[in-house]
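Here is a structure to read through questions and answers. Each answer sets a value against its criterion.

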Amino acid sequence: MKKLITFDLDGTLAQTAGEIAAAANLTLREANLPEQPEAVIAKMIGHGASELLMQLLQQASPWLGRSGVADWHRHVWPLFQVNYRATCGTLATLYPGAADMLARLDAAGIRLALVSNKEERYTRTLLRALGLEGRFGIVIGGDSLPRKKPDALPIEYCLRQFDVAPHEAAHLGDSHTDVATARAAGVEAWAVPHGYNRGLDIADAKPDFLFASLADVAEHALTRDCQPLAA
Ligand SMILES: O=C(O)COP(=O)(O)O
Ligand SMILES: [Mg+2]
């Protein structure tokens, strides 16, 4: 049994595309730029809010005029922060089985940590809204440490804090970034297919285990009995 499991948030534990798209489209409207469908914005999730705005502006480049994307980002980032602060945690929902999986792992004595690329202030707001405040021994956002996923640092930090060796740990995520982070830190890469991953098939990232559901993750973590989709 693993001693520590680190979890990605968006696309792994929670569906957040709706509230991120709402904040993004309100911001685009305020900036007189064309709105984007939620499905397009969902593919930009996974690198934090600031980078998502950068991608939105790159997409809008035909409408940006003479100012570059970086200038626009400086101008629009304060608006986006106001809007995301207002929507963060209002529309997001946990994927089925998320709360139960975490409770079961916690009860079994497995250390739990949250490693998201979302800025820490939004990460904490979201966890509170989802009823997961206090569930994780460590919460790391994209701006908590000098480097974020796919750098190994956030997971290495958790390993150090809990005094756990890499082979005793796993990272569960929804994206290529999560698999790459797990690899860089030397922990097992676990994945779920229900998330965002830029619209690509997460199986292509070759995680060590790919689970059909969060209930299967708990079953595997506790008994190693569950048959993953791929190994
Ligand atoms: O893009 C985000 O806001 C965060 O994404 P993550 O939780 O999947 O790392
Ligand atoms: Mg994710």
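Q: Which residues of helix α6 (residues 120-129) are buried?
A: This is a predicted model. In α6, the buried residues are Y122, T123, L126 and L127. A residue needs 20 or more other C-beta atoms within 10 Å of its own to be called buried.

Q: What do the buried residues of α6 pack against?
A: Their partners are β2 (14-15), α3 (49-59), α4 (69-87), β4 (111-115) and β5 (138-140). After α6 comes G131, with a positive phi near 75°.

Q: Why is T125 called partly exposed?
A: T125 is in helix α6. Buried takes 20 or more neighbours, exposed takes 12 or fewer, and partly exposed is in between. T125 has 19 C-beta neighbours inside 10 Å, so T125 counts as partly exposed.

Q: Which residues does T125 touch, leaving out those up to four places away in sequence?
A: T125 touches C88 and G89. C88 is 37 residues from T125 along the chain, yet their C-alpha atoms are separated by 6.9 Å. The contact criterion uses C-beta atoms instead, which must lie within 7 Å.

Q: In what order do the strands of the open sheet stand?
A: The 6 strands follow the order β5-β4-β1-β6-β7-β8, with parallel pairing.

Q: Why do β5 and β8 (209-210) count as edges?
A: Each has a single partner strand, so one side of each is left without a neighbour in the sheet.

Q: What makes β1 (residues 4-7) and β4 a pair?
A: Pairing takes at least two bridges. β1 and β4 are joined by 4 bridges and run parallel. T6 stands opposite A113 in β4.

Q: How do you know that β1 pairs with β6?
A: Here too 4 bridges join the strands, which run parallel. That meets the requirement of at least two. T6 stands opposite H171 in β6.

Q: Why is β6 (169-173) described as largely enclosed?
A: 5 of the 5 residues of β6 are buried, so β6 is largely enclosed by the rest of the structure. A169, H171 and G173 point one way, A170 and L172 the other way, and all are buried. β6 also pairs with β7 in the parallel sense over 4 bridges. There, G173 has A191 as its bridge partner.

Q: Which residues of α9 (residues 214-223) are buried, and what do they pack against?
A: L214, D216, V217, A218 and A221 are buried. They pack against β1, α5 (98-107), β6 and β7 (188-191). R224 follows α9 and has a positive phi near 60°.

Q: How is the chain divided?
A: It has domain 1 (4-15 + 93-223) and domain 2 (17-87). Their C-alpha centres lie 26 Å apart. In the contacts between them, 13 residues of domain 1 meet 9 residues of domain 2. The domain 1 side divides into 2 nonpolar, 7 polar and 4 charged residues.

Q: Why is ligand 1 said to lie between domain 1 and domain 2?
A: Both domains give residues to the shell around ligand 1, so ligand 1 lies between them. There are 13 residues around ligand 1, and L9, D10, S116, N117 and K118 come nearest. By class, the shell has 4 nonpolar, 6 polar and 3 charged residues.

Conventions
Residues numbered from 1 in each chain as written. Chains lettered and ligands numbered in written order. Predicted model: local features only at pLDDT ≥ 70, side-chain atom pairs only at ≥ 80, totals over all residues. Helix = DSSP H or I, 4+ residues; strand = E, 2+ residues; numbered from the N terminus. Contact = placed C-beta atoms within 7 Å. Near = placed C-beta within 6 Å. Nonpolar A, V, L, I, M, F, W, Y, C, P; charged D, E, K, R; others polar. Domains from an automatic or database assignment.
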